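Hi everyone, thanks for coming along.

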Amino acid sequence: MLIYARFHGRGGQGIKTASRILGNAAHLEGYFTQDFPVYGAERRGAPIVAFTKITDEPSTMFDRGYILNPNLILIADDSLLDDPIVNPLAGLQSNGTVFINTSKSIDRLTRDRCDIRLVTEDLIDLSLKYVGRTILSTGLGSIAAKLTGIIRWSSVEEGVKEELLEIGIKGEILEKNIIFAKVCFERVYPSPLPIPKIVKSSKIVTISWLPPPITIPEVRNIGNTEIRKTGNWRIFKPIINLEKCNRCGLCVVYCPEGVVVMNSEGPEIKYDNCKGCLICFNECPVKAIGYLREVETS
Amino acid sequence: MMRSKLIAELRPRREVVSTITKSKMLTGNVTAAWAARLAEVDYIPAFPITPQTEIIEKLSEWIALGEFKAKLTIVDSEHSMLAAAGTASLTGARVFTATSSQGLLYGFEMLYNIAGWRAPIVLVNVSRAVAAPISLEPDHNDFLSTRDSGFILLQAETCQEVLDLILLAYRVSEDNRVLLPSLVNMDGFHTSFTREPVKIPEIEEVRRFLPKYTQQLPFRASKPSAKGVAVLRPPLYSFYKYQMHLSSINAINVFKEACEKFEECFARRYDVIEKYMLDDSKYAIVMMGSYASIGKKAVRILREEGVSVGLLKLRMIRPLPSKDIRKALEGKKAVAVIDQNISPGLGGILYSDISSILYNSDNKPKVILPVIGGVGGKTITLDEIRYVVELLEKYANGGEPEPILLLREDELREVESLLRIGVGE
């Protein structure tokens, strides 16, 4: 028995905690477990990935590092599906399960990959309902545990408690999270996961000397950050009401990404790169900036 | 119903449950903090750096909560941190500290001093590739840069090994036959941020294994002495340095003794090297650190396919346990040393070490193949290790081995595309 679970999400969405809830629950259930995140650039909103490996073999049978051949994938944010760098479904095993937190219907996925099982829930709605704020980690970890088919609720509950206490969440919020996790646990059903096949890799190549400057680590492509569209990191979209706006320009000054620009009409937010941090909303002295949940804007 | 059936079918065996429920899921970093706590260290000078930060955060949290009594001081740099560590150790305090990569190099000068003062501190390094270019991923250039400093160098693979090697390191470093500081290395991310089941011993058990540290001539204001003095007569410098060398060599047997005591106390067996499916194999690969887990998995799969290969994992790097390594590799047809480091102009650092050990053997392998793999945290796949073993089989039948870099075709394509973005094409 081998479960290779891979979690995809964005910094701040609790991906690491989700993978740890699964890891802890599997450990409490008596399995050998490893879990670990890849932080990459440590920024809120940046795509991150975390892994949990579960087996009933001794821990010496483990390898380490990235999972390239998952049989279970959990995606915290459906905007990642179209991100070519993240490519969250890469390596998903035939008959494997993918869970996506989404409010949309994603039929196209199973059209492209008719050999996988797709499970979706709107965890943001559920967490707003049961916890009162957007929190994904507990729901995602709980759903992952259920989808393995080998972990009981009692272990998940214990895992959620231990992991949330570890990051300083206690009292009423902890209780609400446990209820949220329980609701999530009961909403999905497992189906047997395939044994991950060993990944074949391409052949070793020979590297020869090349003339500089290409071999020197430097970026000469000035202004290239704009190429990386970060607009889909947003959960909330700031919207400027130009009628109320007094053109003071504080939103332009405070925007940490430099994506609010002053036009002849007034300030304009470049939504391709706005990450939805809402600093502009907080700083606007005349309350001319409001916000909407991203899903409600389309 | 489907769920209960699955649980019934896939429940682990009972003995598995009983051996694992006593352990906790911990990262390598938190495990290192536990080791310092269990060793009841007195003083922790610290400076944070990714990926070591979690060690200091955990110790600081315990001290703030009153769960652990020690003095933790955040200083201005790794140079000051190591200076504080070494001098505190000379007063008779048991000292722990930790760093990583650039931090280790920033404090580098002090490493030679601490070793020269014969101050038995334990320093944990969380390996991270050295800039430039900047990386967050592990390789061993930071760790191996310290190999001539006089520190005892130990490399961990798993989180459990982090805990155990730190406890062993204190015992060995503080032994009068050694009196040299230790550096315990773990790999960033693959061990530092990876959680695995770790058995945390009771403090009474640790006290049985690790006696109290006593400094024979503690540094006291009331009883002045000059430590680390200038030696203006060259023969005297040679004498002191050679004494450090002999003390370091002593650490091999002192470590082995400590391992016996360790097994008695904690029922886990260690040695200066670790052999995996090696004794009866025709071919061998040499690796160290977290990637040895990947190597072991590959060896197990290749064995199932009928390939006669084993793995030698290096645990003690300085002193270099030459006799043990020679004995483990003698009689092999061919050996590959996979270096997760690069010394520009030389190649792999450990390749030279292993080759020099085997050169004088009558029964040396026909070929020792230099391989660079995993630099800057590049993953190593099963097929890459398979490729290395195929080369061993080829060279065992003749031909002069060429040094190789493990880099795949798909990875090269990614490199090329990133280079194009960098120049704006």
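How many helices and strands are there in chain A? Chain A has nine helices and ten strands. Please keep in mind as we go that this is a predicted model.

Let's stay with chain A for its overall layout. Two domains are assigned here: domain 1 covers 2-187, and domain 2 covers 229-297. Between the C-alpha centres of these two domains of chain A, the distance is 32 Å. The C-alpha trace of chain A spans about 65 × 60 × 40 Å along its principal axes.

Now, packing. Chain A has 298 residues, and 51% of them are buried. Take the contacts in chain A with a separation of 6 or more: 68% of these join residues 24 or more positions apart.

Chain A has an accessible surface of about 14,000 Å², with 54% of it belonging to carbon and sulfur atoms. There are 36 positive and 34 negative charges in chain A, and their mean positions are 2 Å apart.

Next, the nonpolar cores. The largest one has 101 residues, and B:I55, B:F96, B:I166 and B:L314 have the most contacts inside it. Domain 1 (2-213 + 229-266) and domain 2 (274-412) of chain B both contribute residues, so this core lies between them.

Let's zoom in on B:L314. Beyond its neighbours within four places in sequence, B:L314 is in contact with several residues, including B:Q155, B:I273, B:M288 and B:I354.

Terms used. Residues are numbered from 1 along each chain as its sequence is written. Chains are lettered from A and ligands numbered from 1 in the order in which they are written. This is a predicted model: local features need pLDDT of at least 70, side-chain atom pairs count only at pLDDT 80 or more; totals for chains, interfaces and linings use all residues. Side-chain values use heavy atoms; hydrogens and water are left out. Domain bounds come from an automatic or database domain assignment. Helices (H or I, at least four residues) and strands (E, at least two) are DSSP runs, numbered from the N terminus. Buried means under 20% relative accessible area, exposed over 50%, partly exposed in between (1.4 Å probe, protein chains only). Contact means heavy atoms within 4.5 Å. Accessible areas come from the Shrake-Rupley method with a 1.4 Å probe; for residues, only the protein chains shown count as cover. Lys and Arg count as positive and Asp and Glu as negative; His and the chain ends are not counted. The place of a charge is taken as NZ of Lys, CZ of Arg, CG of Asp or CD of Glu. A nonpolar core is a set of buried Ala, Val, Leu, Ile, Met, Phe, Trp, Tyr and Cys residues joined through side-chain atoms within 4.5 Å.
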